[in-house]
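Please examine the protein shown below. The briefing after it is arranged by topic.

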Amino acid sequence: MADSSLLADASTRLETALMYVAISEDAIARLQYPKASVSVSIPLRRDNGSLEIFRGYRVRYDDTRGPAKGGVRYHPNVSLDEMESLAFWMTFKCALLNLPYGGAKGGITLNPKALSKHELERLSRSYIDTIADFIGPDADILAPDMYTNATVMGWMMDQYSIIQRRITPGVVTGKPISMGGSQGRETATATGAFHVINTLLPKFDQPPHRTTVAIQGFGNVGAMLAQLLSQVGYCVVAISDSQGSIYASQGLDIPSIRRYKMASKALQAVYCESSVCNIVEHEVISNADLLKLDVDVLIPAALEKQITVDNAHSIQAKYIFEVANGPTTSAADKVLEKKGIFVFPDILVNAGGVTVSYFEWVQNRSGLYWTSEEVNQRLKERITLETEKTWAMADEFDVSMRTASYIHALQRIGEAMDAMGTRDFYSSHD
Ligand code: NAD
């Protein structure tokens, strides 16, 4: 197994699932390492005329079930190891939702807030120039992730189309609607998480009006999910962003906080600059304290590795729904399990985004566009179905929802790998 820490940690989930799934040794061997990774240097002409070079990556973990699919992240922590782990998770997420895709991920190591909007556009186009031969609507399809959004996806699609000399909307999902984006894509990850929560919490007799929620991360997904939950009666008592957290035991007024954050954007529809901490009528707590609050539901919706062996003992929530990718380390999982805390894994909870990305790709290729009602109905049906199947599998094997998710996904990946395998052919000719 790979020696890098994040990917090695991600891979332990696979090893656990393998104890319950009968898949061939060939398939296991092929899932050990990413199929292909590219590291690129991306030139950017700064507004002041100087040239700066950034590191960028694109990783295709596996594409047995279809073209690789995965987001693009702009963050100072972006590294090859992080990209490989995220591409690994995408592979299992797509299989879990039964999407005809493999898994990929890409990113640029930078602080995007330090660039002007024009610099950000030039850098995004430059990234596509450097990886254009590696991606494509039938090979590897991009999408938004942390600190990228529909605007950035539009630039990327346009740049790829310029290189190809034909409009190629299927190379990128999460685009603006006017450039072939899908209705419902912007809110899909939050909506998917909302359906997963509403499918699972009733199994624990936990109705919305008796449920307190803390959400780490008030970005694309966290803020929308906070709104959806509060609309149906969940009491969202704490939220945070990179600058800090706010807490109100009686519940926060999520719509007004969202309006405040949106109104203080500095990069004209690219990033929010203000912090939720600026809303002074609430108590300000640290991000570390938010994770330890005595709430029913904790939703990490920011970065990976937020719940580790160092703080898992202090978690008081009864249920954790992982909206971020990889927020809980495998060692922390064991502590949480001992404490009786139910963890619902990232590859299920945040799969609404890639599901509607798939719908967008289907619409781009067919040329027939769906209404938001059609998109939302299809999303609800698919994610609810796979949540129920995973729940049944957890029951059947008497395992956690995380292990059940990997078992479910691994069965599908293993079947596809075996279907195209050559092992039987060669062994019968010994
Ligand atoms: P985003 O950039 O819009 O928001 C991230 C939020 O996290 C921001 O509010 C930021 O201030 C906050 N944050 C950053 N560091 C923090 C810290 N140390 N403590 C608390 N908050 C912090 O990103 P997003 O699109 O909402 O994605 C959030 C997570 O969800 C990521 O892990 C991403 O991989 C995952 N995800 C996103 C999508 C999608 O469709 N956007 C799909 C699947 C998974």
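The points below concern domains and helix packing.

This is a predicted model, in which local features need pLDDT of at least 70 and side-chain atom pairs count only at pLDDT 80 or more, while totals for chains, interfaces and linings use all residues. Residues are numbered from 1 along each chain as its sequence is written, and side-chain values use heavy atoms, with hydrogens and water left out.

**Domains**

- The protein chain is divided into domain 1 (35-179) and domain 2 (188-349), with bounds from an automatic or database domain assignment.
- The centres of the two domains, taken over C-alpha atoms, are 26 Å apart.
- Domain 1 gives 23 residues to the contact and domain 2 gives 16 residues, where contact means heavy atoms within 4.5 Å.
- Between them, domain 1 and domain 2 bury about 1,600 Å², of which 56% is on carbon and sulfur atoms; buried area is the accessible area (1.4 Å probe) that two parts lose on being put together, summed over both.
- On the side of domain 1, Trp89, Lys113 and Lys117 lose the most area to domain 2, together 32% of what that side buries.

**Helix packing**

- Helix α7 (residues 220-231) packs with helix α8 (residues 254-263) at an angle of about 155 degrees, and their axes are 9 Å apart. Helices are DSSP runs (H or I, at least four residues), numbered from the N terminus; axes are lines fitted to C-alpha atoms over the stretch in contact, and angles run from 0 to 180 degrees between N-to-C directions.
- The two helices are therefore roughly antiparallel to each other, a term for angles over 145 degrees.
- The contact is made by Ala223, Met224, Ala226, Gln227 and Ser230 of α7 and by Ile254, Pro255 and Arg258 of α8.

Definitions and conventions: Parallel < 35°, antiparallel > 145°, perpendicular 65-115°, else oblique.
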